[in-house]
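Please keep the sequence and the three-dimensional view at hand while reading.

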Amino acid sequence: MAGTIVLVVVVVVVVPVLLTPTLLRAAPSHPAFADDPAPLRREEYEGGRIVDISHAYRPDMPEWESARGIGRFLWLRRAMANGSLANFSELKLPTHTGTHVDAPGHFYHHYFLAGFDVDTLDLAVLNGPALLVDVPRDKNITAEVMESLQIPRGVRRVLFRTLNTDRQLMWKKECDTSYVGFMKDGAQWLVDNTDIKLVGMDYLSVAAYDDLAASHLVFLKSRVRDFNLLVASFSF
């Protein structure tokens, strides 16, 4: 298939680890360590290299239907540098920020009441080889577009790279509702004609703004078929 590559991707819901800069005096080494250790970043998983497509959280990351970005989201409530027994951080941000997974209860209230949260999703679906597909840059993802991509049967995970990446929308503070996403007929074509169980997109929503609820409903109603909707805001 022209314009596509295959990669191995490990999908995670990212927890930020970088603290918002604060004016603190230097802290002495913890008595449990003889010298200052360097963190080990593990980039291998079961013999394969981890390809992290998630976005690091930052204050100017776009927030859904907002022009101000997510703002300050992480700060030290208590700091060893200021005499506290331990470092204690506080995190506050919307759950649909950056790289995230939509729970079945996102658009179905009866799933929400029944407790179908993201921890009910199948990790075996969320991890593994994925196909990266370049979408035509002049349109949303309709049934016509899906058919033209000729995604073969047997492919279970697909990342859709669109005009959103070219426009670097995830690097702009203001939420842009002109982003590219799935229209209802495109979502239905995917469910009816492919073996895809995981969908990755390159902006805050998998659904086009003009078909927001309709496209989500098509994807998320298939919980009984172990269909996991992944919204992965990725970049290369």
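This is a predicted model: local features need pLDDT of at least 70, side-chain atom pairs count only at pLDDT 80 or more; totals for chains, interfaces and linings use all residues.

Where is the place of Asp185? Asp185 is situated in helix α5.

## The chain as a whole

The protein chain contains six helices and 10 strands. Of its 236 residues, 42% count as buried. The accessible surface of the chain amounts to about 13500 Å², and carbon and sulfur atoms account for 54% of that surface.

Contacts across the sequence may also be described. When contacts between residues at least 6 apart in sequence are considered, 75% of them join residues at least 24 apart.

## The nonpolar cores

In soluble globular proteins, nonpolar side chains tend to be buried together. In this chain, the largest nonpolar core has 23 residues. The residues with the most contacts inside this core are Ile141, Ile151, Phe160, Phe182, Leu190 and Val199. Two or more residues of the core are supplied by each of the elements β7 (127-134), α3, β8, α5 and α6.

Another core lies apart from the largest one and has 11 residues. Ile70, Phe73, Leu169 and Tyr203 are among them.

## The packing of α5 and α6

Two packed helices are described by the angle between their axes and the distance between the axes. Helix α5 covers residues 184-193 and helix α6 covers residues 212-220; the two pack at an angle of about 10°, with their axes 8 Å apart. Helix α5 is therefore roughly parallel to α6, since angles under 35 degrees count as roughly parallel.

On the α5 side, the contact is made by Lys184, Ala187, Gln188, Leu190 and Val191. On the α6 side, the contributors are Ala214, Ser215, Val218 and Phe219. The residues of this contact divide into six nonpolar, two polar and one charged.

Ala187 lies in helix α5. Is Ala187 buried or exposed? Ala187 has a relative accessible area of 0% and is therefore buried, the limit for that class being under 20%. Neighbours within four places in sequence aside, Ala187 is in contact with Phe182, Ser215, Val218 and Phe219. The C-alpha atoms of Ala187 and Ser215 are 5.9 Å apart in space, although the two residues are 28 residues apart in sequence.

Asp185, also placed in helix α5, counts as partly exposed because its relative accessibility is 40%. With neighbours within four places in sequence left aside, Asp185 is in contact with Thr142 and Ala143. Asp185 and Met146 are 39 residues apart in sequence, and their C-alpha atoms are 9.4 Å apart in space.

## Two loop residues with positive phi

Which loop holds Gln150? Gln150 is placed in the loop between α3 (143-149) and β8 (157-161). The phi angle of Gln150 is near 50°, a positive value in a residue other than glycine. Gln150 counts as exposed because its relative accessibility is 63%, and the exposed class begins over 50%.

Gln168 is found in the loop between α4 (163-166) and α5. The phi angle of Gln168 is near 55°, a positive value in a residue that is not glycine.

Key:
Residues are numbered from 1 along each chain as its sequence is written. Side-chain values use heavy atoms; hydrogens and water are left out. Axes are lines fitted to C-alpha atoms, for helices over the stretch in contact, and angles run from 0 to 180 degrees between N-to-C directions. Helices (H or I, at least four residues) and strands (E, at least two) are DSSP runs, numbered from the N terminus. Angles under 35 degrees count as roughly parallel, over 145 as roughly antiparallel, 65 to 115 as roughly perpendicular and the rest as oblique. Contact means heavy atoms within 4.5 Å. Ala, Val, Leu, Ile, Met, Phe, Trp, Tyr, Cys and Pro count as nonpolar, Asp, Glu, Lys and Arg as charged, and the others, Gly among them, as polar. Buried means under 20% relative accessible area, exposed over 50%, partly exposed in between (1.4 Å probe, protein chains only). Accessible areas come from the Shrake-Rupley method with a 1.4 Å probe; for residues, only the protein chains shown count as cover. A nonpolar core is a set of buried Ala, Val, Leu, Ile, Met, Phe, Trp, Tyr and Cys residues joined through side-chain atoms within 4.5 Å.
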